[in-house]
Amino acid sequence: MFLRNSWYVAAWDREVSAKPLGRVLLGEPVVLYRTSRGEPVGLEDRCCHRQLPLSMGRTEGDNLRCGYHGLLFGSDGTCVEIPGQESIPPQAKVRAYPLVEKYNWVWIWMGDPAKADPALIPNWWWAEHKDWAFTKPDMIPVKCNYQLIADNVLDVTHLAYVHASSIGAPSITEFPGTVEREARLVRFTRWIRDRPPPPMYKDAGGFPGNVDRWQIVEHMPPCFTVNFAGCKDSSRKIDLMALSAPTPETEKTTHYFFGFTRNFGLGDPVQEERFSAGMVKVFNEDIPILEAQQRNMDSGVERIDIAVDAAPLAARRMVHGLLGEERKAAAGLAATAT
């Protein structure tokens, strides 16, 4: 089950062009394209006639033509032309999805269009601010449920083991963390005092000795996480954030969109390489872990929870509660309609 009355990242803006792009989101086939004015459009990716994916067709100005019998659909999903036929049945249409282009991502609303408020998109302002650099890696397809990715980025203890050679350090487990829950937010906080910085942070900040380091993770339902990280000593400080927006493809596969913002090394090709290559490599280290988890979970083996699961469990409970509210509201509407 997926929370549908929410924004999700459908694509990087660079992925969407006049050429139709087909993508499965929350189990639904969607086609994305741009109009002649450059505006992104999202439609159901199947013709209402014989179900051919519209992503196999072509754009004509602001419209999209099916590649099977040539039905032409407007950006609102309405069929505007049927070759060889003057009359167009009123049911000749496909679903159109609200889209917003922000932070170099194309966001899609998969639920009730009337509730598609752009203000509900996470406020990741660093991605658009002149004083911050934004590294924008390609999406990674992952063979696991999206909530396993959310669990992973909320559980920063694994850095000491999975990412020991880059952003992890044994000192992580020496310092306890705290978990806070607000109405639509789970926050995990850990401070690591007077310890050597991890290898990548040491290189990025040029730290000669020990540092104070922080790990603050903020998670918003259904799947948006910011990992605030950084180091400081008596003379220097670096701040960076990892933005995670994993979008479910199916119950067992995910489109993993993520990016990195930082307030140092702007315009420095060495620092950009450190993030566009080094940090992407770090994120890729998680993929075999996540996919192996999914395979074992599919076998039905039971698992236990430990202290480091406090934040991931709080996030899952939050999503579960919102799903319950959404199902209850949908049931109420159905009852009213009958």
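A nonpolar core is a set of buried Ala, Val, Leu, Ile, Met, Phe, Trp, Tyr and Cys residues joined through side-chain atoms within 4.5 Å. Keep that idea in mind as you look at the structure above, which is a predicted model.

Let's start on the inside. The largest nonpolar core here has 55 residues. Those with the most contacts inside this core are Trp105, Trp107, Ile108, Trp124 and Leu243. Which helix supplies the largest share of the core? That is helix 5, residues 310-337, which gives seven residues.

Now zoom in on Trp124, and leave aside residues up to four places away in sequence. Among the residues that Trp124 touches are Tyr103, Trp105 and Trp107. Further along the chain, Trp124 also meets Phe224, Thr225 and Val226, as well as Leu243, Ser244 and Ala245.

Val153 takes us to helix 1, where it is one of the buried residues. Is helix 1, residues 146-154, mostly covered or mostly open? It is mostly covered, with nine of its nine residues buried. The buried residues include Leu148, Ile149 and Leu154, but also Gln147, Asp151 and Asn152. In an α-helix, residues three or four places apart point the same way, because there are 3.6 residues a turn. Look at the start of helix 1 as well: a side-chain oxygen of Asn145 comes to within 2.8 Å of the backbone nitrogen of Gln147.

Helix 1, helix 4 (269-298) and helix 5 are the elements that give two or more residues to the lining, and helix 4 has the largest share, with five. Sorted by class, the lining has eleven nonpolar, four polar and seven charged residues.

The second largest pocket holds about 450 Å³ of space. Its lining is made of 20 residues, and Leu3, Asn5, Trp109, Lys115 and Glu326 lie nearest its centre. Which helix gives the most to this lining? Helix 5 does, with six residues. By class, the second largest pocket is lined by eleven nonpolar, three polar and six charged residues.

Notes
Residues numbered from 1 in each chain as written. Predicted model: local features only at pLDDT ≥ 70, side-chain atom pairs only at ≥ 80, totals over all residues. Heavy atoms only, no water. Buried < 20%, exposed > 50% of the residue type's maximum accessible area, 1.4 Å probe, protein only. Helix = DSSP H or I, 4+ residues; strand = E, 2+ residues; numbered from the N terminus. Contact = heavy atoms within 4.5 Å. Polar contact = N/O pair within 3.5 Å; in protein donor to acceptor, adjacent residues only side chain to side chain. Nonpolar A, V, L, I, M, F, W, Y, C, P; charged D, E, K, R; others polar. 1 Å grid on protein atoms, 1.4 Å probe; cavity = no way out; pocket = protein on both sides within 12 Å on 5 of 7 lines; lining within 4 Å. Points joined across faces, edges and corners; volume = space filled by probe spheres on them.
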